[in-house]
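Please open the model in your viewer and keep the selection panel at hand.

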Amino acid sequence: MKPQTPPQTYRVKSFGCQMNVYDGERMGELLAERGIVPAPEGEEADLVILNTCHIREKAAEKVYSDIGRLVAAGKEAGKAPLVAVAGCVAQAEGEEIMARAPAVSIVVGPQAYHRLPEMLDRAAQGERATDTDMPAIAKFDALPARRKRGPSAFLTVQEGCDKFCTYCVVPYTRGAEISRPFSHLVAEAHKLVEAGAKEITLLGQNVNAWAGEDEKGRTVGLGGLIRRLAQIDGLERIRYTTSHPNDMEDELIAAHGEVEKLMPYLHLPVQSGNDRVLKAMNRQHTAESYLRLIERFRAARPDIALSGDFIVGFPGETEAEFADTLSIVDEVRYAACFSFKYSPRPGTPAATMEGQIPPEIMDERLQRLQQRIGQHQLAFNRASVGKTCTVLVERKGRHEGQWLGKSPWLQSVHFTGEHAIGDLVEVTLAEAGPNSLGGILRQTVTV
Ligand code: 5AD
Ligand code: SF4
């Protein structure tokens, strides 16, 4: 490759989960340290980072077609951008990407992106650089301070997964479970609040597996961390995602009843409502144990909104087994859900299991599942009408004087009035649709 002039502008395109959004923000902060700024809207960037997701099908193909598009746009503009591929596709298929896509200068995995500046130096010399090491916690220590963001911020507290569900690539792309130290998280949360965050969502592939030592040297779990973060003045709301049913501790369940700043919302994937399928998925819980766990959360916090992830068409799934998934949706009455068609991921045990389900059956099951989920979501929103709650204002709405924000139950709420982004306002929920609610403004709680 020819030596390149160092980039002055960048754009990060993050795909997939919120952990990637967090990583993308932190890459931006690293670049800012070097004086590289976000490319203005509508302008080509000198450096484009594709922060990829590998969780479902066609991930790699999407990356190659994105690279193709970037190269074509660069040709048209008379200047090829420096292309970096980051995220989980980079981790899983780094070598293939380098071999197949000569336009790519940098391949960097999710645990190595703190080394991006050095890799840019090498790219400036005309070298191509790959780094898919997994040096555990080193990344976070090497990252610069947090910068000003919107009122709702992400904070990665835990990464990786040791669960090895048979369909999932995460244990291979993100590595083993690690917890960031308590003191680092408290410090980063303070920085986020100083930078304007009112709400922090704690992130981890298995966020409730987080464990650490508090200021007094006591071993604490996520519930303990949340109690400590709740003491930060100016931080008004705490959320966390994504949890695994088997890592739920009493302390975290109790926190839902006792910590006011902890929002009444729980994302707890179940994947299937059938025990044979759950076993084949290596989920290590049953439908019944999941339901019992949900009951404990409801006992601690009766108004808690529940959300889940589902996979339809796992190898061997029969119609009757799929019907159990519909039943568990009815039983839990979720407020929101994410549902996916099973996608065989290379290198995972399920990819070579017998009984792969034809796409048309998967389509049909997904449709039925989403319809059922939609009914419960609408019912949940309708049941909220008449409640008065706080809404954190996140952005302007489409209409003059309209604002959009989130209720404690993570519903999108729109209302009109004199306000600013980051205000916490009291709103009475007045009308409900499947995906949002309309509210009537009562008062501003904090500004
Ligand atoms: N196919 C379909 N969905 C998957 N998920 C993870 N791996 C796969 C796969 N191979 C879903 C799960 C998980 C969510 C993040 O993505 O539901 O909880
Ligand atoms: Fe994947 Fe299962 Fe780990 Fe979730 S718990 S990241 S689905 S292996």
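This is a predicted model. Begin by selecting Tyr240 and displaying its surroundings. Beyond the residues up to four places away in sequence, Tyr240 touches Thr201, Leu202, Val207, Leu222, Ile226, Met248, Leu252, His256, Leu262, Leu266 and Phe297. Together with Leu202 and Leu222, Tyr240 has the most contacts inside the largest nonpolar core, which comprises 78 residues. Apart from that core lies another, of 19 residues; to locate it, select Ala39, Val83, Val89 and Ile97, which are among its members. As general background, nonpolar side chains in soluble globular proteins tend to be buried together.

Next, select residues 287-300, helix α11, and residues 319-332, helix α12. Their axes come within 11 Å and cross at roughly 15°. Because angles under 35 degrees count as roughly parallel, α11 is roughly parallel to α12. The crossing of α11 past α12 is right-handed. To inspect the contact itself, show the side chains of Ala287, Tyr290, Leu291 and Arg298 in α11, which meet Ile328, Glu331 and Val332 in α12. By class, this contact of α11 with α12 has 5 nonpolar and 2 charged residues, and no polar ones.

Finally, move to Thr348, in the loop between β16 (336-341) and α13 (359-384). Is Thr348 buried or exposed? Its relative accessibility is 4%, so Thr348 counts as buried, the cut-off being under 20%.

Conventions. Residues numbered from 1 in each chain as written. Chains lettered and ligands numbered in written order. Predicted model: local features only at pLDDT ≥ 70, side-chain atom pairs only at ≥ 80, totals over all residues. Heavy atoms only, no water. Core = buried A, V, L, I, M, F, W, Y, C linked by side-chain atoms within 4.5 Å. Buried < 20%, exposed > 50% of the residue type's maximum accessible area, 1.4 Å probe, protein only. Contact = heavy atoms within 4.5 Å. Axes fitted to C-alpha atoms, helices over the stretch in contact; angles between N-to-C directions. Helix = DSSP H or I, 4+ residues; strand = E, 2+ residues; numbered from the N terminus. Parallel < 35°, antiparallel > 145°, perpendicular 65-115°, else oblique. Left-handed = near helix turned anticlockwise from the far one by under 90°. Nonpolar A, V, L, I, M, F, W, Y, C, P; charged D, E, K, R; others polar.
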